[in-house]
Amino acid sequence: MNKLTILPILSNLSGKEDFYQLSALAENLEWNTLSYCNWSESYPYQPYVRFRIGYTEDAFLLQFDVEEEQMRGNYSEMNQNVWEDSCVEFFISFDEGKTYYNIEFNLIGTGLIGYGSADKSTRNRLSAEEIGSVRTFSMIERYGEKKHWSMIQLVPFAVLKLSNSDDLKGRKVHGNFYKCGDKLKNPHFLSWSKIDNPTPNFHLPQFFGELIFG
């Protein structure tokens, strides 16, 4: 099982920061790669993806960095099928996998957030207003054959029914980080913690890794 320590960011945010200021705040956080190309026999394409994550007094700060051959951002309304676009995802469980949040954003900042158990009939989507409280910042670079994008997300603890960082300090929870693009010319399903399942499925909390809050 993969393990990751999530460190606090000792800075009060004003709410006026831009992409570069937030990236500078995260500069001491460790980068981690999405090294597992799950279902590689059917989906061998593996873009380069890394992420880093920390937390402030009232939010997660999560940055994904992606290099891939095709960038797609067709969906612009909350709770649409963003996993079909160039999409990065963070799943987190506070009760050892019984229930979890799936936080999914495409490269233009359109989001989908769900909550419930792995039984999809029990899962519910958060409202557009709740998802809209997640601040996203994207930087997209295209030069010749190079296609690179980076996204920073500020996910308020309130969205996850947490009051503040005191709810997290010293806790061990579980989660996983993903990159997908179901409708790209080369679909792919990458993860931070390995998934051992015959068909593509990110909704398998038994394969979540450990997230330990410093």
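Predicted model: local features only at pLDDT ≥ 70, side-chain atom pairs only at ≥ 80, totals over all residues.

Student: How much of the protein counts as buried, and what does the surface consist of?

Tutor: Of the 214 residues, 50% count as buried.

Student: What share of the contacts with a separation of 6 or more comes from residues 24 or more positions apart?

Tutor: That share is 62%.

Student: Now to single residues. Why is Cys 37 called buried?

Tutor: Buried means under 20% relative accessible area. Cys 37 has 16% relative accessibility, so Cys 37 counts as buried. The residue sits in strand S3, which covers residues 36–37.

Student: Which residues does Cys 37 touch, leaving out those up to four places away in sequence?

Tutor: Its contacts are Tyr 43, Pro 44, Tyr 45, Gln 46, Phe 189 and Leu 190. Trp 192 is 155 residues away from Cys 37 along the chain, yet their C-alpha atoms are separated by 9.3 Å.

Student: And why does Lys 161 count as exposed?

Tutor: The cut-off for exposed is over 50%. Lys 161 reaches 55% relative accessibility, and therefore counts as exposed. You will find Lys 161 in the loop between S11 and S12. Its backbone deserves a look too: phi is positive, about 60 degrees, although Lys 161 is not a glycine.

Student: Which other residue has a positive phi of about 70 degrees although it is not a glycine?

Tutor: That is Asn 79, in the loop between S5 and strand S6 (87–93).

Student: On to the strands. What makes strand S5 mostly covered?

Tutor: Count its residues: S5 spans residues 59–67, and eight of the nine are buried.

Student: How do you know that S5 pairs with S4 and S11?

Tutor: Two strands pair if there are at least two bridges between them. Strand S4 (residues 48–55) has eight bridges to S5, and the two run antiparallel. Nine bridges join S5 to strand S11 (residues 146–156), again antiparallel. On these grounds both count as pairs, because the cut-off is at least two bridges. For examples, Gly 54 has Leu 61 in S5 as its bridge partner, and Asp 65 stands opposite Ser 150 in S11. A hairpin of three residues also connects S4 to S5.

Student: How do you know that S14 pairs with S1 and S12, and which way do they run?

Tutor: The test is again at least two bridges. Strand S1 (residues 3–8) has four bridges to S14 and runs parallel to it, while strand S12 (residues 172–180) has four bridges to S14 and runs antiparallel. In S14, Glu 210 is the bridge partner of Lys 3, and Ile 212 is that of Lys 172. S14 (residues 209–213) is mostly covered, with four of its five residues buried.

Conventions:
Residues numbered from 1 in each chain as written. Heavy atoms only, no water. Buried < 20%, exposed > 50% of the residue type's maximum accessible area, 1.4 Å probe, protein only. Contact = heavy atoms within 4.5 Å.
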